[in-house]
Amino acid sequence: MTGPLKPPSYALPLVEVSITQLDLSCLAESGAVFDRLLALNPGQIVVDLSECRYIDAAAIGLLLDVHRRLARADGALVVRNPNPRIYRILQHARLDQVLPIVAGPGMPGGSETPDEPGPAEPALVALGRARVAPRT
């Protein structure tokens, strides 16, 4: 019989990533950034898609891969603020049934009025940010 399971220890509780392009053309760079983030052993990675205008099947595959790798380490991947078009693509791919998608304005459950109180922000011990943009 084995002893009780230890709770996971995370190097960082939360890492936020803002992505401006997520498709096949920048998949290698995006994958490398996620590899580096996963090496930090985060408890949660939040992918902010508010600046992203296009997503394709390769990008959805990358998000699923990151989700699986995080889930194995008891971590979580959250997609935040996709525009309504990208949200529909994620719904069509049923990604919203696999991982949390935090609503933004114009999405079901999103806040159209700035006066509405939103959920309380969690207290952070450390916060890391990375921006992924295509090479010019």
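With which residue does Arg80 form a salt bridge whose closest N and O atoms are 3.2 Å apart? The partner is Asp48. The model is predicted, so local features were required to have pLDDT of at least 70 and side-chain atom pairs pLDDT 80 or more, whereas totals for chains, interfaces and linings use all residues. Residues are numbered from 1 along each chain as its sequence is written, and side-chain values use heavy atoms, with hydrogens and water left out.

The Arg80–Asp48 pair links distant parts of the chain, with Arg80 in strand S3 and Asp48 in strand S2 (residues 44-48), 32 residues apart. Strands (E, at least two residues) and helices (H or I, at least four) are DSSP runs, numbered from the N terminus. A salt bridge was assigned where a side-chain nitrogen of Lys or Arg lies within 4 Å of a carboxyl oxygen of Asp or Glu; the structure holds four of them. Arg80 also forms a salt bridge with Glu16, the closest N and O atoms being 2.9 Å apart. Here strand S3 (residues 76-80) is linked to strand S1 (residues 14-19), the two residues being 64 apart in the chain. Asp48 is buried at 12% relative accessibility, and Glu16 is buried at 10% (buried, under 20% relative accessible area; exposed, over 50%; partly exposed, in between; 1.4 Å probe, protein chains only). Through shared partners, salt bridges join Glu16, Asp48 and Arg80 into one network.

A further salt bridge pairs Asp35 with Arg69, with 2.8 Å between the closest N and O atoms. Asp35 belongs to helix H1 and Arg69 to helix H2 (residues 57-72), so the bridge ties together parts that are 34 residues apart in sequence. Both residues are partly exposed, Asp35 at 39% and Arg69 at 29%.

Helix H1 (residues 27-39) has 13 residues and reaches 18 Å from its first C-alpha to its last, close to the expected 18 Å (1.5 Å times one less than the number of residues). Its buried residues are Ser30, Gly31, Phe34, Leu37 and Leu38. These fall within an arc of 120 degrees seen down the axis, so they line one face of H1; the arc is that of the directions from the helix axis to the C-beta atoms. Ala28, Arg36 and Ala39, on the other side of H1, are exposed. Asn41 follows the helix and has a positive phi, near 55 degrees.

Cys26 is buried at 3% relative accessible area, and Cys52 is buried at 0%.
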